[in-house]
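Here is a short briefing on one protein structure. Look over the sequence and the fold, then read the points below.

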Amino acid sequence: KTGDRPYSGTDCEVMLRVKGELRSTGTHRLSACPVNHTTLFQRGAHDEFLIQDWDIGAPRQVSIWHDGKGSDPHWFLDKVVVTDPRGRQYAFKCGEWLSPTEGKRQLRAELLLS
């Protein structure tokens, strides 16, 4: 979920990797995954992606980052929610800017299970 702050959306390429109790997924470029709409990572938006990968067990950590390119390289990430094939949800709180000039000035976040 993109945060609901002014200028919190981005048009950068966003990548994600999930570490589970058994193994980690590969790296997924989210714009290449099946989505529920075409405009991604806009202020206050809940974007959903279908990611098919091997069984990782229960998710424990999410690595998420963007390439810093595009006309708006700033993104305020509120949280990531992973839903497993059985419908169980796992929340990973961020509440930070992924930005070259805002917040901690980092484009990557390592999120632990909330």
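Start with Asp84, which counts as buried at 12% relative accessibility. The cut-off for buried is under 20%. This is a predicted model, and every value here is computed from it.

**Asp84 and its partner**
- Asp84 forms a salt bridge with Arg88.
- The closest N and O atoms of Arg88 and Asp84 are 2.8 Å apart.
- Arg88 is partly exposed, with a relative accessible area of 42%, whereas Asp84 is buried at 12%.

**Other salt bridges**
- The whole structure holds six salt bridges.
- One of the six pairs the side chains of Arg29 and Glu13, at 3.5 Å from N to O.
- Arg29 sits in strand E2 (residues 28-29), and Glu13 in the segment before strand E1 (14-20), so this pair ties together parts that are 16 residues apart in sequence.
- Both ends are partly exposed: Arg29 has a relative accessibility of 42%, and Glu13 has 26%.
- Another salt bridge joins the side chains of Glu21 and Arg60, at 3.1 Å from N to O.
- Glu21 belongs to the loop between E1 and E2, while Arg60 belongs to strand E3 (residues 59-66), so the link ties together parts that are 39 residues apart in sequence.
- Glu21 is partly exposed at 48% relative accessibility.
- Arg60 is partly exposed too, with a relative accessible area of 38%.

**His74**
- Where is His74 found? His74 is in the loop between E3 and strand E4 (75-83).
- Is His74 buried or exposed? His74 is buried, with a relative accessible area of 19%; the limit for buried is under 20%.
- The side chain of His74 makes a polar contact of 2.6 Å with the side chain of Ser99.
- Not counting residues up to four places away in sequence, His74 touches Tyr7, Ser8, Gly9 and Thr10, among others.
- The residues that His74 touches also include Trp97, Leu98, Ser99, Pro100, Thr101 and Glu102.

**Ala109**
- Ala109 lies in strand E6 (residues 108-112).
- Ala109 counts as buried, at 9% relative accessibility.
- Which residues does Ala109 contact, leaving aside neighbours within four places in sequence? They are Val62, Ser63, Ile64, Cys94 and Leu98.
- Leu98 is in contact with Ala109, and Leu98 is also among the residues touched by His74.
- Ala109 and Leu77 are 32 residues apart in sequence. In space, their C-alpha atoms are 9.3 Å apart.

**The largest pocket**
- The largest pocket holds about 970 Å³ of space.
- Of the 37 residues that line the largest pocket, Phe49, Ile51, Val81, Val82 and Thr83 are the closest to its centre.
- Which strand supplies the largest share of the lining? E4 does, with seven residues.
- E1, E3 and E4 each supply at least two residues of the lining.
- By type, the lining divides into 20 nonpolar, seven polar and ten charged residues.

Terms used:
Residues numbered from 1 in each chain as written. Predicted model: local features only at pLDDT ≥ 70, side-chain atom pairs only at ≥ 80, totals over all residues. Heavy atoms only, no water. Salt bridge = Lys/Arg side-chain N within 4 Å of Asp/Glu carboxyl O. Helix = DSSP H or I, 4+ residues; strand = E, 2+ residues; numbered from the N terminus. Buried < 20%, exposed > 50% of the residue type's maximum accessible area, 1.4 Å probe, protein only. Polar contact = N/O pair within 3.5 Å; in protein donor to acceptor, adjacent residues only side chain to side chain. Contact = heavy atoms within 4.5 Å. 1 Å grid on protein atoms, 1.4 Å probe; cavity = no way out; pocket = protein on both sides within 12 Å on 5 of 7 lines; lining within 4 Å. Points joined across faces, edges and corners; volume = space filled by probe spheres on them. Nonpolar A, V, L, I, M, F, W, Y, C, P; charged D, E, K, R; others polar.
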